[in-house]
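Hi everyone, thanks for coming.

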Amino acid sequence: MLLGGSENNSNMKQYLNLLLRLDQFIRQKGTGSPPVFARKMGISERSLYEYLKVLKDLGAPIRFSRQDHSYYYEIEGQFHISFQ
């Protein structure tokens, strides 16, 4: 049973979709600098750091390359949401 009704479900879907989009950009190594990445995502730079922290807390080995001006995964992988 989900709590909070359809509005909370919609917010959760948006949140999860945003995490999946972050993952996609990171896997492609095409994020750009933090300000550029935040603009690409349509969020503030502060929010970007918060979302990146969530992914890191979930175990994602995210690093930033100053040379390539992009976030990347230290170990190949991707973020999955699945039902098993």
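**Contacts, fold and rings**

Let's begin with contacts, meaning heavy atoms within 4.5 Å: among those between residues at least 6 apart in sequence, 49% join residues at least 24 apart. Please keep in mind that this is a predicted model, where local features need pLDDT of at least 70, side-chain atom pairs count only at pLDDT 80 or more, and totals for chains, interfaces and linings use all residues. Residues are numbered from 1 along each chain as its sequence is written, and side-chain values use heavy atoms, leaving out hydrogens and water.

From the N terminus, the elements run α-α-α-β-β, with helices (H or I, at least four residues) and strands (E, at least two) taken as DSSP runs numbered from the N terminus. Of the 84 residues, 29% count as buried; buried is under 20% relative accessible area, exposed over 50%, partly exposed in between, with a 1.4 Å probe and protein chains only.

Now the rings! The structure holds four aromatic pairs: rings of Phe, Tyr and Trp (its six-membered ring) with centres within 6.5 Å, called stacked under 30 degrees between planes, edge-to-face over 60 and tilted for the rest. In one of them, tyrosine 15 and tyrosine 51 have ring centres 5.5 Å apart and planes at 55 degrees, so this pair is tilted. Tyrosine 15 sits in helix α1 (residues 5–28) and tyrosine 51 in helix α3 (residues 45–57), so the pair ties together parts 36 residues apart in sequence.

Finally, ring pairs link Phe25, Phe37, Phe64 and Tyr71 into a cluster. Both phenylalanine 37 and tyrosine 71 are buried.
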